[in-house]
Amino acid sequence: MSNPEPGRADLDRRPCYKQPRSVLVVVHAGEQFLLLERREPAGYWQSVTGSLLAGEDWQAAARRELFEETGLPADGLHDSGVVNRYAIHPAWRHRYAPDVLENEEYVFWLSLPAPVAVTLDPCEHVQACWLPLMEALARVSSDSNRAAIAMEARIYSEKGLCPPLPLAG
């Protein structure tokens with residue numbers, strides 16, 4: 001008997017890898033920035049982030065991730081126009097196909113009138129906090145996330161949408 005066609009059971013055992021395309025949603029209220037601590041790796045702080053699902057566009061992914069990770073509606077969600085490309089963090093390499101080494105990330109911003117309580121997905125995050133700009137920049141774990149927070153702070157401050165923020169060089 002030659003190589004039989006794979007049956008349904010064989011297809012169901014294939015590894016299911018994430019797409020190397022994700023969104024980053026920086027949420028702020030005036031001078032306060034929302035950060036979430038991931039369950040794994042412990043101590044990893046970030047803004048809202050997540051991978052696109054099959055057939056999903058960037059905006060839909062940002063709206064979905066925002067709601068899934070915080071319970072917040074996406075009213076006023078802004079596409080920053082910023083796209084990052086970076087090496088996938090070693091803690092998450094197993095989630096991607098073996099030949100995938102980089103991720104493409106679209107950055108979105110959401111400005112709220114005041115900090116609000118969020119509803120976390122306990123499978124993904126252990127806590128959330130609102131921090132002033134400099135503390136958020138110091139705590140956030142990813143360089144692309146840090147740059148997105150700094151850029152949002154600078155733009156909102158320059159437009160007079162929030163008080164001038166102390167930005168380092």
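**Figure 1. The largest nonpolar core of the predicted model.** This core has 19 residues, of which Val 23, Val 25, Val 27, Leu 66, Leu 77, Phe 108 and Leu 112 touch the most other members. The model shown here, as in every view, is predicted. At least two core residues come from each of β1, β2 (32-38), α2 and β6. A second, separate core holds 18 residues, among them Leu 24, Leu 133, Ala 148 and Tyr 156.

**Figure 2. Contacts of Val 25.** Neighbours within four places in sequence are left aside in this view. Val 25 then contacts Ser 47, Val 48, Ala 62, Leu 66, Leu 77 and Phe 108. Val 25, Leu 66, Leu 77 and Phe 108 are also listed among the residues that touch the most other members of the largest nonpolar core.

**Figure 3. The chain as a whole.** The protein chain contains four helices and seven strands. Their order along the sequence is α-β-β-β-β-α-β-β-β-α-α. The chain has 169 residues, and 41% of them count as buried. Take the contacts with a separation of 6 or more: 69% of them join residues 24 or more positions apart.

**Figure 4. The largest pocket and its lining.** The volume of the largest pocket is about 670 Å³. Its lining has 33 residues, and the closest to the pocket centre are Arg 38, Thr 49, Trp 92, Arg 95 and Tyr 96. Two or more lining residues come from each of β1 (21-29), β4 (48-51), α2 (58-70), β6 (102-111) and α4 (143-158). By class, the lining divides into 11 nonpolar, 12 polar and 10 charged residues.

Figure 5. Arg 38 belongs to strand β2. Is Arg 38 buried or exposed? Arg 38 counts as buried because its relative accessibility is 8%, and the cut-off for buried is under 20%. Pro 122 is 84 residues from Arg 38 in sequence, with 9.3 Å between their C-alpha atoms.

**Figure 6. Ser 51 and its surroundings.** Strand β4 holds Ser 51. Its relative accessible area is 9%, so Ser 51 is buried. Apart from neighbours within four places in sequence, Ser 51 contacts Lys 18, Gln 19, Arg 21, Ser 22, Glu 56, Arg 64, Glu 65 and Tyr 96. Of these, Arg 64 and Glu 65 are buried residues of α2. Glu 104 lies 53 residues from Ser 51 along the chain, and their C-alpha atoms are separated by 9.6 Å.

**Figure 7. Helix α2 and what covers it.** The 13 residues of α2 should span 18 Å at 1.5 Å a residue. The end C-alpha atoms are 18 Å apart, so model and expectation agree. Buried positions in α2 are Trp 58, Ala 61, Ala 62, Arg 64, Glu 65, Leu 66, Glu 69 and Thr 70. An α-helix has 3.6 residues a turn, so residues three or four places apart point the same way. The cover over the buried residues of α2 includes β1, β2, β3 (45-46), β4, β6 and β7 (125-132).

Figure 8. With 16 residues, α4 reaches 22 Å from first C-alpha to last, close to the 22 Å expected at 1.5 Å a residue. Its buried residues are Ser 144, Asn 145, Ala 148, Ile 149, Ala 150, Glu 152, Ala 153, Tyr 156 and Ser 157. They pack against β1, β2, β3, β5 (78-87), β6 and α3 (133-139). Ala 147 also sits in helix α4. Ala 147 has 46% relative accessibility, so this residue counts as partly exposed. Ala 147 and Leu 137 are 10 residues apart in sequence, and their C-alpha atoms are 8.4 Å apart.

**Figure 9. Two loops.** Glu 31 is in the loop between β1 and β2. Its relative accessible area is 37%, so Glu 31 is partly exposed. The C-alpha atoms of Glu 31 and Leu 133 are separated by 6.2 Å, although the residues are 102 apart along the chain. Pro 41 is in the loop between β2 and β3. Most peptide bonds are trans. The bond from Glu 40 to Pro 41 is cis, with omega near -10°.

Terms used: Residues numbered from 1 in each chain as written. Predicted model: local features only at pLDDT ≥ 70, side-chain atom pairs only at ≥ 80, totals over all residues. Heavy atoms only, no water. 1 Å grid on protein atoms, 1.4 Å probe; cavity = no way out; pocket = protein on both sides within 12 Å on 5 of 7 lines; lining within 4 Å. Points joined across faces, edges and corners; volume = space filled by probe spheres on them. Nonpolar A, V, L, I, M, F, W, Y, C, P; charged D, E, K, R; others polar. Core = buried A, V, L, I, M, F, W, Y, C linked by side-chain atoms within 4.5 Å. Buried < 20%, exposed > 50% of the residue type's maximum accessible area, 1.4 Å probe, protein only. Contact = heavy atoms within 4.5 Å. Expected span 1.5 Å × (residues − 1).
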